[in-house]
Amino acid sequence: MEFLGYFGGVFEPIALMLLFAGTVGGLILGATPGLSPTMAVALLIPFTFHLSPTQGLILLGAAYTSTVAGGAVSAILLKIPGAPANIATALDGNEMAKRGEGARALHLSFLASGVGGVIGVLLLIFLTPVLAQWALKFGPSHLFWIAILGVTVIGSLDSKSFVKGLLSGCIGLWLSTIGTDDIMGADRFIFVDALSGGITIIPALIGLFAIPQVLDMFAKGRVSAVIDTVDVPRYKFLDSFKELIRSFRALSIGTVIGSIIGLIPGVGGQIAGLVAYDQARNFSPQKDKFGTGHSEGVIAAESANNAMVGPSLVPLLTLSIPGSPTAAVLLGGLLIHGIFPGSDIFDKHPEVVWTFINSMLLGQILMVIFGIYTAAWAARIAKAPIPILAAGVLVLALFGSYSVGQSMGDVQIMLVLGIGMYILEKFGFSAAPLVLGLILGPIAGDYFNNGSMIAAAQDGPWVYFFTGPLNIVLIVMVVASIAYSFWTNMLRASFAKSPLEGASK
Amino acid sequence: MTNSRIQHVIPGALILAIALLVTYLSFTEEPAEAFLFPRIISVAFVGLAIWNFIRAAGGMAKVGRGVALQDAKNLLPGLIVMLILVFWAAKALGFYVSATIAFFTVYSIYDPAPHSSAKDWIKRAVITAVFMAVIYSLFALLLKVQTPRGMFI
């Protein structure tokens, strides 16, 4: 119950103000189609540079929580999921809105998000210290394999092609080695002057997540966005609350599935929402109603995608392995404040970590309150014209990437990486494994160098890195993550070749 | 070779070339100790890049639709504005002035509203001014970020 002792920090005026700003801003950004939660958090990081680590993390945590929930607004009212995590919400939510039950769908969506989110954060509170204690047993070789596991898991799961996912991870790992080697003082892969300091993480994150979205908006050309919106007649909040309690089965299925999926590195909210929706339908006596505007569909999907948020931070805080792409960006936010996640994080920075986690607990409640009262308004902002969004994100990316190191080199790297990522995405590559490679590369490199020194003094690198029960378990997990992805790719390919598929075409 | 296959082969070949260069540098540059970790990465990198290239050349690369010609045509003006802004204007003209011009230009290029109406031009100018005022307040006044000054601010 150590976390209770750090609740005071959340109620300091500046912390509360940042929590409000992050929650409301996150709801609006989340509701805006085309602005993903990952990009929103990446664009916010430069602002936290001028805040204390605790305040910065409170802002980022609130934005992370509420962008995921805010995505439900446009999913329900516009049938455009604000984030991939809200795809399942749109299936029933928009049908409800079309029937004039938009307010009911929004109430249920935010209430379910709140319940799932609170339980997810409670898991974060109780599981993180346990895992941190366990992680104390890890040596450099184990931590090296864990960092590699982070890249292979996200590379295998976050991409439709496992070769391209792993290749993205490799590109990220290589990019992380550019610059001067800290131990030997040698220059590595410095082809132009702008690379002499290496690739700064925050401008790189902004480039990799924001610039491809700007280019995507440019690629649409001069189009007027014709979006069908629906009227949102008022609905009694108390009735929604009672309905949520009656839908206990869907709520618990969503919360449990979201929490478990959050703990698995790299899987993310999209999978959580879709799996929970599918399972809620399987267990429901009213299966046929799913997809026609059934409230249980909204409850299961939204409780799952927000229950995923807290647990996705468990491997991040204890092992430096983010549970989702947005958590990977949060890792970048921790690193720029000099906080290195790991087994000793609760000993070195208890006030920062516990205040941050507590703020996420309060943030869930604020998200429900603000969400319910500002949802219809947020949907109006979500209809902002594409050219304004594109120009706005471009200018924010320019200022955000410059403000971190006050270097034009960083801005140029941001743009080049962004353009490169846009092209790679068009050919099936994914930004998340590349970012994880970029973030985990220096960590893996440091543990590899430390391990190599220990190995040289002991039985050599083969024995040190490839033997011992924990090393073997981790290597098996690395291989299993790749094999699983290979297997699912093969299944997909054989399904595509099957006569049934051919007939359907 | 189909258009789709060519589209996949070109980036596949480019990635393979980068992977080969990284591998060559990792195994030839000195001191060797500084390149131990890059060597491990480069071996995996080049292996996967070869696999990816073979799949692309053999027409097995199905993921990703490539860049459509119309999309490329649409994004080109915006891309040129971005490149001019970052590689020349931000330093030569000043951060705020160049960002204002870039915002207005991008907004005007992609705005579907008629370009012959004075009312729409005024609307674009007002939105640009308001947005840049917010940016100036945030970065110059609140965060006190010192941006490069060129001919202007």
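Trainee: In which part of chain A is the place of A:Asn86?

Mentor: This is a predicted model, and that should be kept in mind for every value we discuss. In it, A:Asn86 touches A:Gly71, A:Ala72, A:Ala75, A:Pro81, A:Gly273 and A:Asn305, once its neighbours within four places in sequence are left aside. Its own place is in the loop between helix 3 and helix 4 (87-135) of chain A.

Trainee: Is A:Asn86 buried or exposed?

Mentor: A residue is buried if 20 or more other C-beta atoms lie within 10 Å of its own. A:Asn86 has 30 other C-beta atoms within 10 Å, and therefore it is buried.

Trainee: How are helix 1 and helix 3 of chain A oriented to each other?

Mentor: Helix 1 (residues 13-31) and helix 3 (residues 53-77) of chain A pack with their axes 6 Å apart, at an angle of about 30°. Angles under 35 degrees count as roughly parallel, so helix 1 of chain A is, relative to helix 3 of chain A, roughly parallel.

Trainee: Which hand does the crossing of helix 1 and helix 3 of chain A have, right-handed or left-handed?

Mentor: The residues in the contact of helix 1 with helix 3 of chain A comprise 16 nonpolar, 12 polar and no charged ones. As for the hand, the crossing of these two helices of chain A is right-handed.

Trainee: What is the orientation of helix 2 and helix 7 of chain A to each other?

Mentor: The axes of helix 2 (residues 37-48) and helix 7 of chain A come within 9 Å and cross at roughly 140°, and the crossing is left-handed. By class, their contact has 10 nonpolar, 2 polar and no charged residues, with A:Leu43 of helix 2 and A:Leu205 of helix 7 among them. Since only angles over 145 degrees count as roughly antiparallel, helix 2 and helix 7 of chain A are oblique.

Trainee: Which residues touch the most other members of the largest nonpolar core?

Mentor: That core has 208 residues, and the largest share of it, 21 residues, comes from helix 4 of chain A. Touching the most other members are A:Leu205, A:Ala390 and A:Leu394.

Trainee: Which residues of chain B is A:Ala390 in contact with?

Mentor: Leaving aside neighbours within four places in sequence, A:Ala390 is in contact with A:Val214, A:Met217 and A:Phe218 in chain A. Its contacts in chain B are B:Val106 and B:Tyr110.

Trainee: Which helix of chain A supplies the largest share of the side that touches chain B?

Mentor: The two chains meet through 50 residues of chain A and 53 residues of chain B. Helices 6, 7, 17, 18 and 19 of chain A each supply at least two residues of the side of chain A that touches chain B, and that side divides into 30 nonpolar, 13 polar and 7 charged residues. The largest share, 12 residues, comes from helix 17.

Trainee: Is A:Gln406 buried or exposed?

Mentor: A:Gln406 lies in the loop between helix 17 and helix 18 of chain A, and its phi is near 50°, a positive value in a residue other than glycine. A residue is exposed if 12 or fewer other C-beta atoms lie within 10 Å of its own; A:Gln406 has 11 C-beta neighbours inside 10 Å, so it counts as exposed.

Trainee: Which residue does a cis peptide bond join to B:Glu30?

Mentor: The residue in question lies in the loop between helix 1 (3-28) and helix 2 (36-57) of chain B. The bond has an omega of about -5°, and the partner of B:Glu30 is B:Pro31.

Terms used
Residues numbered from 1 in each chain as written. Chains lettered and ligands numbered in written order. Predicted model: local features only at pLDDT ≥ 70, side-chain atom pairs only at ≥ 80, totals over all residues. Axes fitted to C-alpha atoms, helices over the stretch in contact; angles between N-to-C directions. Helix = DSSP H or I, 4+ residues; strand = E, 2+ residues; numbered from the N terminus. Parallel < 35°, antiparallel > 145°, perpendicular 65-115°, else oblique. Left-handed = near helix turned anticlockwise from the far one by under 90°. Nonpolar A, V, L, I, M, F, W, Y, C, P; charged D, E, K, R; others polar. Contact = placed C-beta atoms within 7 Å. Core = buried A, V, L, I, M, F, W, Y, C linked by C-beta atoms within 7 Å.
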